[in-house]
Amino acid sequence: MALGRSLLGLSPLAWLCLLFVVPLGFTVVYAFAHATYGGVQIGFTLTNFKQALGGFYLSIFLRTLRFAATGTLLCFVVAVPLAYFIARKIKRFRGLFIVLLLIPFWTSFLIRTLAWETLLAPNGPVRDGLNFLHLHHGLLNVLDTPTAVFIGIVYGYLPLMAMPLFVAFDRIPRDLTEASADLGSGRLGTFLRVTLPLARPGVAAGCLLTFVPMTGEYVIPALLGGDKGVLMGGLIANQYLTAQNFALGSAMAVLILAVLGVFVFMLARTTGGFRPVPQ
Amino acid sequence: MRLLRGRSWINGALGLWSLAVFVFLFAPIVTVVVFSFNQGVLGKQTANFTGFTTRWYPEAWGNTALRHDVGVSFKVAVAVAILATVLGTITGITLVRGRSRALRLTLEGLVYLLLIVPEIVLAVSLLLFYTKAGVSLGMWPLIAGHSPFTIAVVAIIVRSRVVALDLATEDAAADLGAGGWRTFWDVIFPQLRPAMLAGAILAFTFSFDDLVVSLFLTTPTVTTLPVYLFGTVRLGARPDVDAIAAMMLAFTVTVLLAAGLVYRWQARRSGARLAFGDVLGPGTEGAFAPGAP
Amino acid sequence: MEPTDFAVTVVKGRRVGRREFLTAGAAGAGALLLAACGGSSTSTSTAKASSHAGLAKGGTLNLWTWPDYYAPANLKAFQAKTGTKLNIATYDSNDTAFAKLNTAGGASFDIVVPTSDFVPVMAQHGLLQKLDHSRIPLQYVDPKLLRKVFDPHNDYSIPKDYGTIGVIYNPAVVKHPIRTWQDYLDAGAQPGVSGKVELADVPDETLGIALWAEGKDWNTDNLADLRHAAEVMKAFAKHVHAFNEFDVSGVTSGAVVMAVVTQGTAREMMLQKKSLKFVIPQPQSELWVDNYCITAKAPDVNQAYSFIDYMLQPAHQLKDCAFIGYPTALPNLQSKLPASVPLRNEIFISPADFNRLVPHVIHPAIQGTVENLYSEIQAAAA
């Protein structure tokens, strides 16, 4: 029985090793290899890394980090009131609200993004609505700007931020917040000094699940942002697809993994790990 | 009392914000449904409503490539959901109950690594791996390609639930003579079920929506909806895409309604305590707070 | 009649297998098939049976192509007529198609439809097989599209449809007349136009604009020329609203007053806004041709020839042209296309313009640099 259990426990490890660790190994090997068009020559060289750390790429990398940080912050700001409301203010039909929150995500994300292209078109429905309400006149100049991109980003990543936040807010016992209020703290004070710190693991998880995938995002900015500006994900994709330079693409990938690994490690440290706060 | 006055103002504001978010979330969905009836120009979708027509529905149904891709997406997503749930649950349990510390730590590191890796890197490395290993692409290599990330998601959700399991019940079962497997099936599994369901739903969604990995791993016979849609961006999408989306929505809502009704009926029967929403069931608090105490 | 029923037969004193029988006998069998199945819509195909393969029955065909690229009626009729099961997979760019063909993903595709610049690249990597011209009804392909620089003997590709890129603009806003590519660059910098200009989201076309404006060959592999062109476009980037060659709502609403688009896209825009003008600027522009190619490892070669044969038939080419809005390879297509097709003349390119068009050639050695230069231009626009 014990052997059976151990084998069972090892099976995901075996699967992941085969399908994740080994392929990543290939990437690492390619990162040090010599580049050819459409393939590599196995060898050892640091040219790819030197290129990847070159001026232009570095600036794109920093730009991507800034982009992901902004997107994460926006998601956070939008999600917190929503998660808090559902977690602590709604007693009945909570499941219904959550399901409603999830329904949009069962159509394909590309269809939703294309719908935003229609909505935000210069002469599209949003423009018509705003003009009708006299809040705006003329053509809507939102599409192909960073505004449209962040609308698309927040739209796509909201559940990843909102779910962990919701769960974290849900766990905070009412007596703690009530005690804080009894001790004279205002509602905002209670929120900032009691609720938010207690929700720390959820905040950390939400930020992780949002920030990290966002660093690889390039489809939404291409569709909604007029493909101006370049992001890391797109740069790597271009290396693999257009430039057919697998070696450089792999080197960029390895660098990203290293940096993000450090980030997650630091996030774990500063938030005291992702451990749930003891009740 | 200061509390009460503050409460109603804040409640109103929070409620209003949430309503705005829901409107925001559903705006594109409504757009998709409305514009699925749009005439369009020269067969392409337009930003203004140019005329009402229902022709896109039969045309979408007759677009065999589109329909085939939706079917493949669906089949792959279901397979991924099942695979990820099984392997993810095992991982989640092992992360907490695994006997060897080395195993637990390795798995934990792997799970976090899976979340960190940008999709493009995973996609390309898998394609390189398949090429070198001489594996020809198809349904199962694609499913396998979606699995790492989804396994991690399920593992994290399940782990947080395992952490909160009631050990007393398990001890009682052991005292009554139940073997390991019996204990699992009758005691642990029912408590894990809601977390597994949540994980399965998320795994399904990730797989169905996946673009980047699928772009690299699809073949003539196994190609998914997002890949198809991405190709239409260059030459302009036809409204039949919106019609298919509307049909998928109708299907999903129907299934959800049915599932929700079944779940409520079951929950009422077993008298389970409902905490994290009526749908996702008791004790999924901490679903996204990875880490074992 | 079912050719595949004959597993083995004896021809010229030698036992042949099923495949060889199909190939050897297809010419005659094909004609009989067509007659037996109620005939095709053109009688010339049976008369010319000896010069094309005819239709293979049954089997499957894996088509690897752009989405929405064939008239649905044609696909349905092909499947009904031949009983061949059609599997269609789509790609979003030639790069993706090439990348996948070049790896494990390429194994089971039969037909791929690359644009002209990718034909030599794919052929050089051994991804395409040489075509047997006796199985293709070349009389339905316009000679002006054959024997082009990207495939001088059409060993690997048969034209499907073609087009060019040019400038669409609103003459009421863009007062500067657009005759050359330099005019485009100059007009884009004018107040009132700046910030409302679009470029195509294609690296070589973007660099090409600067090269054409200076009278250079856009297929140059001279890095100095390319870098200089990139600098010109980087300076221009601040006037760019978006890199999008299909922004119909942008142009028709007036948010964009000048854009680089294909003639088919221009037609769609002009249909919604009559005052727009489309011009193919001097001295040169691109000729792109999308081609039928058969992959090197294609498992269903007979079905592939069958499909190409079917789609090249005049009636089917007319349907395709009307559906996709681009000229297919049929000779004298312009005179044959029904008048009921909206703005039909905008689909075509005048002979004078056509002679100025140059297909793009990819140089693998510098492709990485080209891509990086384009990324820099994109970054400069942000």
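Start the tour by selecting B:Leu42, which lies in the loop between helix H1 (2–35) and helix H2 (56–62) of chain B; helices (H or I, at least four residues) and strands (E, at least two) are DSSP runs, numbered from the N terminus. The model you are looking at is predicted, and local features are given for pLDDT of at least 70, side-chain atom pairs for pLDDT 80 or more, whereas totals for chains, interfaces and linings use all residues. Residues are numbered from 1 along each chain as its sequence is written, while chains are lettered from A and ligands numbered from 1 in the order in which they are written.

B:Leu42 has a phi near 50°, a positive value in a residue other than glycine. B:Leu42 is buried, with 20 other C-beta atoms within 10 Å; a residue counts as buried if 20 or more other C-beta atoms lie within 10 Å of its own, as exposed if 12 or fewer do, and as partly exposed in between, with C-beta atoms placed from the backbone.

Next select A:Gln244, in the loop between helix H12 (232–241) and helix H13 (246–270) of chain A. Phi of A:Gln244 is near 55°, again positive in a residue other than glycine, and A:Gln244 is buried, with 24 other C-beta atoms within 10 Å.

Now show the whole of chain A, whose secondary structure comes to 13 helices and 2 strands. Of its 279 residues, 54% count as buried, and its C-alpha atoms fill a box of roughly 70 × 70 × 35 Å along the principal axes.

**Confidence along chain B**

Chain B averages 79, and 88% of the residues score at least 70. Over residues 1–6 of chain B the pLDDT is below 50, and beyond near neighbours in sequence this stretch has 2 contacts in the model; over residues 273–293 of chain B the pLDDT is also below 50, with 84 such contacts. Where pLDDT is low, the predicted coordinates should not be read in detail.

**Where chain C meets chain B**

Move to chain C, of which 28 residues are in contact with 31 residues of chain B. Strand S3 (60–65), strand S4 (85–90), helix H9 (248–253) and helix H10 (263–272) of chain C each give two or more residues to this side, and S4(C) gives the most, with 4 residues.

Stay with H10(C), where 7 of the 10 residues are buried, so that this helix is largely enclosed by the rest of the structure. Its buried residues pack against strand S6 (158–169), H9, strand S9 (258–262) and strand S10 (277–279) of chain C.

Select C:Thr180, in the loop between S6 and helix H6 (181–188) of chain C. C:Thr180 is partly exposed, with 18 other C-beta atoms within 10 Å, and C:Thr180 touches C:Ala213, C:Pro281, C:Gln282 and C:Pro283, not counting residues up to four places away in sequence. The peptide bond from C:Gln282 to C:Pro283 is cis, with omega near -10°, and C:Pro283 sits in the loop between S10 and strand S11 (285–294) of chain C.

Along H6(C), pick out C:Trp181, C:Tyr184, C:Ala187 and C:Gly188, which are buried. They cover an arc of only 120° around the axis, which puts them on the same side of H6(C); the arc is that of the directions from the helix axis to the C-beta atoms.

**Last stop: C:Leu207**

Finish at C:Leu207, which touches C:Leu226, C:Ala229, C:Ala230, C:Met233, C:Val370, C:Leu373 and C:Tyr374, not counting residues up to four places away in sequence.

Technical notes
Contact = placed C-beta atoms within 7 Å. pLDDT = per-residue confidence, 0-100.
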